[in-house]
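Keep the sequence at hand while reading.

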Amino acid sequence: MKRLLLASIAALALTGTASAETVAIINARLETATSAGAVPSGAIVLKDGKIVAVGAGVSAPAGARVIDAKGGVVMPGMIAPSSNLSVSEIELESSTRDDSSGRLSAGFDISYGVNPDSAMIPLARQTGITRAVVTPVLGRGGGGHVHDGGAGDGHDDFAGGGGGGEGDPKMFAGQAAVVGLGAGDKDPVIKTRVAVVLDLGQAGARNAGGSRGAAMVLVKAAFEDARAFSRSRSAYERGGTREFGLSRIDLEALIPVVEGRTPLLIRVSRAADIRQALKLARDEKVKVILEGVEEGWMVADEIAAAGVPVLIDSQASLPSQFEKLGSRLDNAARLQRAGVQVAIMGSRDFNNLRQARVNAGLAVAYGLPREAAIASVTSTPARIWGQTSAGTLEVGKDADVVLWNGDPLETTSWPLAVFIEGVEQPNTSRAFELRDRYATPSTTGYPLAYQ
């Protein structure tokens, strides 16, 4: 216990020192993720958590700690555009999963379940990820029950207003959040409620009882209810409104969506369903972001004309479901050529976070320009999710920077140093700790764990 306490004190002291220092990384290829493109050889200076100089003619200031990249690559920290990182630990152990709600719908706020001590966060940093957009998935269970309203009745926050019934099926998974991955940060949530997540397509049809048509009717009804609720809050509190299919908490969450202030993240795959999602956005005047979009290449011009960004897994190429029969490996390239903002995802399986950069490299192999691929895991997700302080190597931006030993889009490359807001992160993970714990035998011949 004493050794653990001393180690903790030392770590805190180290963090304080690191945050105050000026760092210069020299002799590096700079992948700026801006219109300037790549700088073949240059330097970048980090000070007080910000990038203060970057480019070919930059030199290390006096007193700076100098890191010689020796031709390595410096790139902005990657941003996972849709993940369960920090809210889920073991897929098949429900007690470790906080990425869904069985009771709430749109009102479920995933940020309250973020665990800054998640063992998966150090693993993510080792793959070059410095921020993540944490998105909920649709949980088990149906919609909330509907409260029997009436004058003088107090409302259950989980109940719908108006008359009886069992409520509508759940269509919305909840609200997403942006999380920073800095070591020792006990309050890593950067921004809450950045989107409300909606399942359409095959999943939406299943949630609605088996029909895509029913799913769309329910979504439109939910939007209508949210607008009506917004206009008549006082009447609702008195029990003087018509029946609403969603709870008060869920309706509150949908108000910024129907007012166009918060985007709707729609998970959708087939071309016909993508068209319906775009039509929903037009009809309801809501902002949307599309996730999945396996058949997006078939309607790329329509997505581009609507100005809707997409989050895709560029490795998705197998027709694993009927709605994904048109999946193909050049989906990202075709979407990008049409003018769509493309952010590339890794697997939501947190043990495969490295897939984001590998998927970006795969997209390059199938026609996506390399600079667009770099942007797809850095500046594009930053722009989509309103993270204007990150995602590029520019003066004034947060010093979320990764030094790689080679091309970040190659599977054989790995980070040599990761900085988040100018602080160099420890290069460790639970896997490394277990390796070190069991690799060194004690004088008795037993590993440390058995002493």
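In which sense do strand 1 and strand 2 pair, and over how many bridges? Strand 1 (residues 23–31) and strand 2 (residues 38–47) are antiparallel and share six bridges. This is a predicted model, in which local features need pLDDT of at least 70 and side-chain atom pairs count only at pLDDT 80 or more, while totals for chains, interfaces and linings use all residues. Residues are numbered from 1 along each chain as its sequence is written, and side-chain values use heavy atoms, with hydrogens and water left out. Helices (H or I, at least four residues) and strands (E, at least two) are DSSP runs, numbered from the N terminus. Two strands are said to pair if DSSP finds at least two bridges between them.

Strands 2 and 3 form a hairpin with two residues between them, where Asp48 in the turn has a positive phi of about 55 degrees.

The next topic is the nonpolar interior. A nonpolar core is a set of buried Ala, Val, Leu, Ile, Met, Phe, Trp, Tyr and Cys residues joined through side-chain atoms within 4.5 Å. Buried means under 20% relative accessible area, exposed means over 50%, and partly exposed lies in between (1.4 Å probe, protein chains only). In soluble globular proteins, nonpolar side chains tend to be buried together. The largest core of this model has 82 residues, and those with the most contacts inside it are Phe172, Leu264, Ile266, Leu290 and Ile303. Helix 4 (residues 212–231) gives the most to this core, with nine residues. Apart from this core lies another, of 17 residues, among them Leu30, Ile67, Val74 and Phe419.

Contact means heavy atoms within 4.5 Å. Leaving aside neighbours within four places in sequence, the contacts of Leu290 include Leu265, Ile266, Val268, Ile274, Val308 and Leu311.

Helix 4 itself has 20 residues and reaches 29 Å from its first C-alpha to its last. That is close to the 28 Å expected at 1.5 Å a residue, the expected span being 1.5 Å times one less than the number of residues. Its buried residues include Ala215, Leu218, Val219, Ala222, Phe223, Ala226 and Phe229. An α-helix has 3.6 residues a turn, so residues three or four places apart point the same way. At the N-terminal end, Ser211 caps helix 4, with a side-chain oxygen 3.1 Å from the backbone nitrogen of Gly213.

How many aromatic pairs does the structure hold? There is one aromatic pair. Rings of Phe, Tyr and Trp (its six-membered ring) pair if their centres lie within 6.5 Å; planes under 30 degrees apart count as stacked, over 60 as edge-to-face and the rest as tilted. The rings of Phe172 and Phe223 have centres 6.2 Å apart and planes at 40 degrees, so the pair is tilted. This pair links distant parts of the chain, with Phe172 in strand 8 (residues 172–175) and Phe223 in helix 4, 51 residues apart. Phe172 is buried because its relative accessible area is 2%, and Phe223 counts as buried at 0%.

Strand 9 (residues 177–180) is covered on both faces: Ala177 and Val179 on one side and Val178 and Gly180 on the other are all buried. Four bridges join strand 9 to strand 7 (residues 129–134), and the two run antiparallel. Val178 is the bridge partner of Val133, and Val178 also stands opposite Lys191 in strand 10.

Strand 17 (residues 415–420) is mostly covered, with five of its six residues buried. Strand 16 (residues 401–404) runs antiparallel to strand 17 and is joined to it by four bridges; Val402 has Val418 as its bridge partner. Strand 17 also pairs with strand 18 in the antiparallel sense over two bridges, and Phe419 stands opposite Glu424.

Gln425 lies in the loop between strand 18 (423–424) and helix 13 (430–439). Gln425 counts as buried because its relative accessibility is 9%. Not counting residues up to four places away in sequence, Gln425 touches Arg125, Leu181, Gly182, Ala183, Val418 and Ile420.

Definitions and conventions. Polar contact = N/O pair within 3.5 Å; in protein donor to acceptor, adjacent residues only side chain to side chain.
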